[in-house]
Amino acid sequence: MTEAEPLGRGRLLGYAIGSVGTGIFSAVPGLLLLYYLTDVLGVSAAVAGVLLVLPKAWDVLLNPVVGAASDREAVRTGRRTRLLLVGAVTLPLLFTAMFVVPGSSPVLAACWVGVAFLLAASAFACFQVPYVALPAEISSLAEQRARAMAWRIVALTAGILVAGGIAPVLVEAAGGGRAGYALMGTVVGLMLGGALVAAVLGTRWIPSSAGPRPLGLAAALRTARGNRPFFVLLTSAVLQTLAVAVMLTGAPYAATYLLGDYGLTSLVFVCLVGPSALAVPMWHRLARRYGTVPCYAVSVAVFAVATIALYPVLNAGATGLVLALSAILGVCYAGMQLLSFQLLPESVHADSGRTGHAQSGAFTGVWMAAETGALALGPGVFAAVLALGSYQAADFEHPVVQPDSALTALTTGFTLLPAALLLVSIPPLLAYRRMAARQYAPAPA
């Protein structure tokens, strides 16, 4: 653990910049990959949904393994650098490969994208798990850990803005279709790689120690199992991640079929993410004054209400109101992201007295496995909703007119379903506060 001293801006930026890359990879496949498969490559919605779920399902198994391996590396070397570097070097290449598909056969395209996405998701796990483990070790002061997380969420927002604001523009700039996505994959892949490598170099100073001895995966999970508040918090966060993943997948469909312009995907994202970056300091101050959990619950509740309000607005084709509601969603999303990840390292710290092991990697591996599963289910759930609504897949050169049932399913999947998931996530969040007060001393806010 570092000395109890304020973190300088250079060190904060050196850590946070990695989230530009993780934000890009988290957002681009969720935003564009399903649409790319169904409306550019001509892959059916059902098959495309499976292709998006399987690599993430693999990551659910891989993340805890990476977390335990990261803890073992921390015990042996005092750093988590090696796994970070493996992910930083391989992920950009695999990301680009996802969008540069050879041949014209939908079957070949499905196989190519599926394999590339599987390998890219594995590379992402190698970087993301140790990276998210670092805030628990970046300082011995809770306020400095929270400050580092605030910087990280701003950088994450910037990465998501790149994904949602720039990626669709690059696709359109090259005329759409396969050529447009190939250009986007190459340019965004370079940006992704630059951010990840910069974070590897910028975090080498952080000393890591998971405990007095290395623990295998089974032993690490057994030790972590007693941290009941952590798992209640995780349940709430997973439901929220699933809700956002469903909405993210539905964005290009809503822009194309409900607002009549695929290009609006970028504008909606700018309205969503722009206010989010500005809102992070606001949520940080509010949490210090009123408590992290109450502010977290408010951000989730308002997000759900605004999502419900989108349903009639989209049906009316009111683009201006959609953009205004997107800005509200962005403010709330900033709170959800910041406050959930502020509670994660504090839960690890608070539990270390019980076990004698500050298993940041193990806890982060479990967290990322669950979050990855939710991100995987998002496109799959939305694809299932489209399939139930008789959505018709088509390639870029031969668009089709969707039946009313598909438009109804699209609107419901983009608004009402995510809102229900968000509302269901609030009771576990409030239960976390009660359980933390009993098990942790002192309890996280």
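At what angle do helix 2 and helix 4 pack, and how far apart are their axes? The model is predicted, so local features require pLDDT of at least 70 and side-chain atom pairs pLDDT 80 or more, whereas totals for chains, interfaces and linings use all residues. Residues are numbered from 1 along each chain as its sequence is written, and side-chain values use heavy atoms, without hydrogens or water.

Select residues 18–39 (helix 2) and 81–98 (helix 4): they pack at about 15 degrees, with axes 12 Å apart. Helices are DSSP runs of H or I, at least four residues, numbered from the N terminus; axes are lines fitted to C-alpha atoms over the stretch in contact, and angles run from 0 to 180 degrees between N-to-C directions. Helix 2 is therefore roughly parallel to helix 4, a label for angles under 35 degrees. Next, display Phe25, Val28, Pro29, Leu33 and Tyr36 of helix 2 with Leu91, Phe95 and Met98 of helix 4, which make the contact (heavy atoms within 4.5 Å). These comprise 8 nonpolar residues, no polar and no charged ones.

Move to Met184, which touches Val28, Leu32, Phe95, Phe99, Ala167, Leu170, Val171 and Gly189, not counting residues up to four places away in sequence. Tyr181 and Met184 touch the most other members of the largest nonpolar core, which has 143 residues (buried Ala, Val, Leu, Ile, Met, Phe, Trp, Tyr and Cys joined through side-chain atoms within 4.5 Å). Helix 9 (residues 228–258) supplies the largest share, 17 residues.

Finally, select Thr241 in helix 9. Thr241 is buried, with a relative accessible area of 13% (buried means under 20%, using a 1.4 Å probe and protein chains only). Beyond residues up to four places away in sequence, Thr241 touches Glu371, Ala374 and Leu375.

Technical notes
Buried < 20%, exposed > 50% of the residue type's maximum accessible area, 1.4 Å probe, protein only. Helix = DSSP H or I, 4+ residues; strand = E, 2+ residues; numbered from the N terminus. Parallel < 35°, antiparallel > 145°, perpendicular 65-115°, else oblique. Nonpolar A, V, L, I, M, F, W, Y, C, P; charged D, E, K, R; others polar.
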